[in-house]
Amino acid sequence: MNYLTVENISKSYGELNLFQDLSFSIHKDQKIAFVAKNGTGKTSILNMLSGKDSPDSGNIIYRKDIQVAFLSQDPDINNDLTIEAAIFDTKNPILDVIKAYEKALEHPDDAEAYQKAFEQMDIHEAWDFETQYKQILSQLKLEDLSQKVSTLSGGQKKRLALAIALLQKPDLLILDEPTNHLDLEMIEWLEAFFAKEQMTLFMVTHDRYFLERVCNEIIELDQGQLHTYKGNYSYYLEKKEARIENEAVELGKTKQLFKKELDWMRKQPKARTTKSKSRIDDFHDIKHKAQQRRNDHEIQLELNMERMGSKILELHKVSKAYEDKTILDGFDYNFQRGERLGIIGKNGTGKSTFLNILTEQQAPDSGKVVLGETIKIGYYTQKGIAVKPNQKVIDVIKDFGDFIPLKKGRQISAQQLLERFLFDRKKQYDFVEKLSGGERKRLYLCTILIQNPNFLILDEPTNDLDIVTLNVLESFLLDFPGCLIVVSHDRYFMDKIVDHLLIFRGEGVVEDFPGNYSDYRTYEDSQEQESSSSNAKKDKKDWKKDSNAKLSYNEQKEYKNIESKLSSLAFDKETLEKQFFDESLSPEAIQKLSEKLQKVLDDIDEKEMRWFELSSKLED
């Protein structure tokens with residue numbers, strides 16, 4: 001059943017042509033993710049679907065009588081209402097059913113109206129509506145139903161808007177970055193909710209694990225063209241790579257044809273037959289295709305980072321509390337060179353406060369923070385960039401520096417840095433007000449990096465960044481030689497970047513876990529199934545003491561993490577081996593697959609050797 005049809009829509013802003021002649025449709029039970037680079041029109045398309053904007057040309061057609069709900073980045077909720085009142089101040093059809101039933105109760109003589117109202121209560125499961133909304137609000141940590149909307153933070157308002165949308169039980173739910181402002185526990189609950197509820201979804205999200213587990217189709221806007229993939233994120237990555245390879249082959253053929261036709265055009269035949277005129281028209285199409293090129297930039301910076309001394313960053317007996325909420329309670333920690341630390345915890349447990357204490361933006365109640373003399377911190381906060389009126393992109397970056405030094409005596413200018421972060425020369429002279437939210441975040445990241453820090457602190461860096469930019473940022477951070485702290489609800493990002501976690505439990509309890517987020521979830525799930533909770537607590541709290549100090553601190557982390565890495569590599573090996581059964585593979589594709597497989601096999605050998613080496617130390 002077709003719910004929505006988008007026909008040949010186009011949109012421009014002045015000279016900027018976002019897209020043209022785009023068409024797609026949404027059908028019942030589809031769960032579609034819409035993927036595109038920042039600044040290419042994702043938000044514009046969502047605004048058109050919601051009616052906030054309209055296309056310059058083309059049509060958007062909804063099926064008659066379907067219920068549609070929208071979750072925007074900036075929800076419009078009456079500030080004068082309480083949380084509970086806001087739930088009832090909506091166009092939720094279940095509320096109409098409840099009102100009709102209450103009205104029928106006032107007129108008991110009308111048996112037919114009462115019977116109809118009673119049946120509708122059954123059909124819409126409206127009897128336990130109060131239980132439903134209280135459960136959803138509780139999962140989203142909005143438990144004080146009498147709290148005024150005007151007192152909520154931006155993240156809390158977004159969660160309230162999500163609750164309102166879910167309670168409508170719409171036929172079609174359209175979501176703009178639904179996992180922003182949710183902590184990891186909430187995201188996993190939302191995944192389970194969508195798995196249980198029969199909702200048709202169309203969403204923009206950068207959360208690749210969420211996309212992998214929720215969506216069954218991906219529509220990508222790339223180079224002005226739409227491409228559809230009937231599968232989840234892993235399937236999309238595989239098929240996109242194959243598509244790009246095929247496009248490269250076709251482009252090569254087109255360029256050869258272009259050279260041939262160009263030679264013919266240069267001969268300038270005097271007699272123009274109908275056939276030759278048609279060939280001339282075709283030539284211009286071939287020329288356009290031959291001159292196309294992909295604009296996939298990769299950031300490859302060999303930063304000449306400031307040298308780090310023996311003292312990095314130390315916390316001694318640090319405590320911090322707000323009234324009756326304890327954030328830190330006598331917390332001790334010494335950072336090591338090259339440490340890659342992830343921080344997770346529920347909203348409100350003090351993660352951002354902890355970062356502000358590290359960077360001396362907030363003072364602890366007691367204890368001290370000691371920063372090494374050679375340490376230069378780059379702090380990426382959730383507040384983003386402060387923009388002056390009529391300021392251009394290039395001016396913003398130059399406020400922080402004109403260049404950064406690279407290795408071997410080279411340097412890169414502010415202009416070149418922006419280019420590597422996907423701001424072309426024309427875009428650099430745009431006013432910052434014209435940038436999308438994701439483009440502003442990318443610019444903010446540039447302002448941090450041009451200061452050449454050797455200790456990076458990133459507080460929710462993935463919010464509002466598109467998947468392409470996230471891959472670029474991950475590549476950069478994997479090569480970053482300094483210390484790194486990341487607070488993020490993006491599990492895919494955390495798995496790729498960090499090697500151990502600080503888990504903020506609340507009430508001043510902070511635990512150190514030796515592994516990435518997937519390792520942690522696997523561990524937590526296994527502990528829930530353990531019959532002996534005492535052994536579980538010992539394993540978790542005393543992991544540093546295991547092995548009788550035969551392994552160093554970093555070796556203990558490495559040893560704990562190595563089995564999950566081997567499991568991941570084994571999965572990669574199996575996936576690549578299956579691809580060899582595709583009889584349509586070209587010799588070039590087979591060669592490329594062979595190279596990838598060999599690299600995975602080499603990595604497995606290396607990890608296994610290291611595992612045996614560390615194991616032998618434990619047995620000595």
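Reply: Let's start with a term: two strands pair if DSSP finds at least two bridges between them. Strands here are DSSP runs of E with at least two residues, while helices are runs of H or I with at least four, and both are numbered from the N terminus. The model is predicted, so local features need pLDDT of at least 70 and side-chain atom pairs count only at pLDDT 80 or more, while totals for chains, interfaces and linings use all residues. Residues are numbered from 1 along each chain as its sequence is written, and side-chain values use heavy atoms, leaving out hydrogens and water.

Who are the neighbours? Strand 14 (residues 377-380) runs parallel to strand 17 and is joined to it by four bridges, with I377 opposite F455. Strand 18 (residues 483-487) also runs parallel to strand 17, joined by five bridges, and here I457 faces I485. To get from strand 17 to strand 18, the chain passes through helix 16, making a right-handed β-α-β crossover. Right-handed means that, with the strands pointing away from the viewer, the path from the first strand over the helix to the second runs clockwise.

Let's follow that helix. At its start, a side-chain oxygen of D466 reaches to within 3.0 Å of the backbone nitrogen of V468. Helix 16 covers residues 467-479, and at 1.5 Å a residue its 13 residues should span 18 Å; the end C-alpha atoms are 19 Å apart, which agrees. The expected span is 1.5 Å times one less than the number of residues. Several residues of helix 16 are buried, among them I467, L470, L473, E474 and L477. In an α-helix there are 3.6 residues a turn, so residues three or four places apart point the same way.

To place this part in context, the protein has 21 helices and 20 strands, and 45% of its 620 residues count as buried.

Notes: Buried means under 20% relative accessible area, exposed over 50%, partly exposed in between (1.4 Å probe, protein chains only). A polar contact is a pair of N or O atoms within 3.5 Å; within protein, one must be able to donate a hydrogen and the other to accept it, and residues adjacent in sequence count only if both atoms are side-chain atoms.
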